[in-house]
Amino acid sequence: MRLGVIGGTAMTSLATDEIEVSRSDNIIAQTDYGPVPMLCVTSGTHELIFIERHHGDGITPPHRINHRANIQALYG
């Protein structure tokens, strides 16, 4: 099963601390709207793709977040 989550910067710990992780990779998805950093966490046969909405710095105001890139990264 694969699950994709777009969350706030503080939710990164949820993606790694609350589940038994067998593998964790930081990847960059190239989209038509720009690159999107993603955290890919594998636990057994389950995979969690986590995107920080602000792309890591947490200071981007909501109207400047590249929502199209985030959605396209999850779709691909």
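A salt bridge here is a side-chain nitrogen of Lys or Arg within 4 Å of a carboxyl oxygen of Asp or Glu. The structure holds 1 salt bridge. This is a predicted model: local features need pLDDT of at least 70, side-chain atom pairs count only at pLDDT 80 or more, and totals for chains, interfaces and linings use all residues. Residues are numbered from 1 along each chain as its sequence is written, and side-chain values use heavy atoms, with hydrogens and water left out.

**Salt bridge**

- Glu 47 and Arg 2 meet through their side chains in a salt bridge, at 2.6 Å from N to O.
- The pair links distant parts of the chain, with Glu 47 in strand 4 and Arg 2 in strand 1, 45 residues apart.
- Helices (H or I, at least four residues) and strands (E, at least two) are DSSP runs, numbered from the N terminus.
- Arg 2 is exposed, with a relative accessible area of 62%.
- Glu 47 is partly exposed, at 21%.
- The cut-offs for relative accessible area are under 20% for buried and over 50% for exposed, with partly exposed in between (1.4 Å probe, protein chains only).

- An open sheet is formed by 4 strands in the order 1-4-3-2, with mixed pairing.
- Strand 1 and strand 2 (23-31) are the edge strands, and each pairs on one side only.
- From one strand to the next, the twist averages 25 degrees.
- Axes are lines fitted to C-alpha atoms, for helices over the stretch in contact, and angles run from 0 to 180 degrees between N-to-C directions.
- Two strands pair if DSSP finds at least two bridges between them.
- Strands 2 and 3 run antiparallel and are joined by 9 bridges.
- Gln 30 stands opposite Pro 35 in strand 3.

**Largest pocket**

- The largest pocket has a volume of about 170 Å³.
- A pocket is an open set of points on a 1 Å grid over the protein atoms alone, where a 1.4 Å probe fits, with protein on both sides within 12 Å along at least five of seven lines; lining residues have an atom within 4 Å of a point.
- Grid points are joined across faces, edges and corners, and a volume is the space filled by probe spheres set on the points.
- Strand 1 (2-7), strand 3 (34-43), strand 4 (46-52) and helix 2 (67-75) each supply at least two lining residues.
- Arg 2 and Glu 47 are among the lining residues, which also include Met 38, Cys 40 and Tyr 75.

- Met 1 lies in the segment before strand 1.
- Met 1 counts as exposed, at 67% relative accessibility.
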